[in-house]
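Student: I would like to go through this model with you. Could we begin once it is on the screen?

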Amino acid sequence: LSFPLIYPDLVMIVAENFRYKPSLLKIAEIINKGEIGVPYSVLWNNLFMVDETNPYAKTIWRIKHKYSGGFITDGGVHNIAAIRDLFGDISWGQALTHRINPALGEIDSFSFQFKTIQAVTGVLNIFLSAVGQSENKLIILGTTGSLISEDNKITVQRSGQADRAETIEDDGGYQGEFADFHAAIRERSKPISTFAEAYRDLETILLAIKKSS
């Protein structure tokens, strides 16, 4: 989009906090340094129990949504942003969905198998009615090592070497998000989280849900 006459100084930035999340930025750094070789597969489990007492379950636009996915789209678009940033655009995908708790809208369970343009295959699981389960765990397999991220603790595993673990101070990316917005206005730098990237994030998950069986 462009507004050359009416808004010549318009800055467009989408508040996608995962693009600024310290733990994910650290993961990108580890990958770019080649510490686990070439990534070839990823598994990301988001297992939670969201019931009617959850404050998010009381927001009408999430449970009686006019767009596909409701809760799944609302949360999953962040995971898609991270996957795209780490491994490139998703070139193929197939999702399976379920509706376990009708109080959460049309679907509350989503399992997405995909492949990226960097030839990384993966599965993204988002289950919001997982009784007794609470897990946000990302596993990345590389040709010379593996990376596990859980609750902001990142562990790198390599054959014949001791595991290296590091806990990252992570505010969710909100500070970096606002700093980028400030820089875009004051220094006229190009924001990291552009409208175009956010559009691709949303488009990707909506297409996955649309094609689900």
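Tutor: The turns below cover salt bridges, helix packing, a loop and a surface patch.

Student: What kind of model is this, and how are residues numbered?

Tutor: This is a predicted model, in which local features need pLDDT of at least 70 and side-chain atom pairs count only at pLDDT 80 or more, while totals for chains, interfaces and linings use all residues. Residues are numbered from 1 along each chain as its sequence is written, and side-chain values use heavy atoms, with hydrogens and water left out.

Student: How many salt bridges does the structure hold?

Tutor: The structure holds 14 salt bridges. A salt bridge here is a side-chain nitrogen of Lys or Arg within 4 Å of a carboxyl oxygen of Asp or Glu.

Student: Which residue does Arg 19 meet in a salt bridge?

Tutor: The partner of Arg 19 is Glu 197, at 3.8 Å from N to O. Arg 19 is in the segment before helix 1 (22-32) and Glu 197 is in helix 5, so the pair ties together parts 178 residues apart in sequence. Helices (H or I, at least four residues) and strands (E, at least two) are DSSP runs numbered from the N terminus.

Student: Is Arg 19 buried or exposed?

Tutor: Arg 19 counts as buried at 5% relative accessibility, whereas Glu 197 counts as partly exposed at 28%. Buried means under 20% relative accessible area, exposed means over 50%, and partly exposed lies in between (1.4 Å probe, protein chains only).

Student: What about Arg 200 and Glu 203; how far apart are the closest N and O atoms?

Tutor: Those atoms are 2.3 Å apart in the salt bridge between Arg 200 and Glu 203. The two residues are three apart in helix 5, and therefore separated by about one helical turn. Salt bridges that share partners join Arg 19, Arg 84, Asp 85, Asp 89, Glu 197, Arg 200, Asp 201 and Glu 203 into one network.

Student: And which residue pairs with Lys 26?

Tutor: Lys 26 forms a salt bridge with Glu 29, with the closest N and O atoms 3.4 Å apart. Both are in helix 1, three residues apart, so about one helical turn separates them.

Student: Switching to packing: at what angle do helix 3 and helix 5 pack?

Tutor: Helix 3 (residues 71-87) and helix 5 (residues 195-210) pack at about 120 degrees, with axes 9 Å apart. Axes are lines fitted to C-alpha atoms, for helices over the stretch in contact, and angles run from 0 to 180 degrees between N-to-C directions.

Student: Which word describes that arrangement of helix 3 and helix 5?

Tutor: The two helices, helix 3 and helix 5, are therefore oblique to each other. Angles under 35 degrees count as roughly parallel, over 145 as roughly antiparallel, 65 to 115 as roughly perpendicular, and the rest as oblique.

Student: Now the backbone: what is the phi of Asp 151?

Tutor: Asp 151 is not a glycine, yet its phi is positive, at about 55 degrees. Most residues other than glycine have a negative phi. Asp 151 is in the loop between strand 6 (145-150) and strand 7 (153-158), and counts as exposed at 62% relative accessibility.

Student: Where does Asn 152 lie?

Tutor: Asn 152 lies in the loop between strand 6 and strand 7. Its phi is also positive, near 70 degrees, and Asn 152 is partly exposed, with a relative accessible area of 25%.

Student: Lastly, which helix holds Phe 178?

Tutor: Phe 178 is found in helix 4 (residues 174-186) and counts as exposed at 57% relative accessibility.
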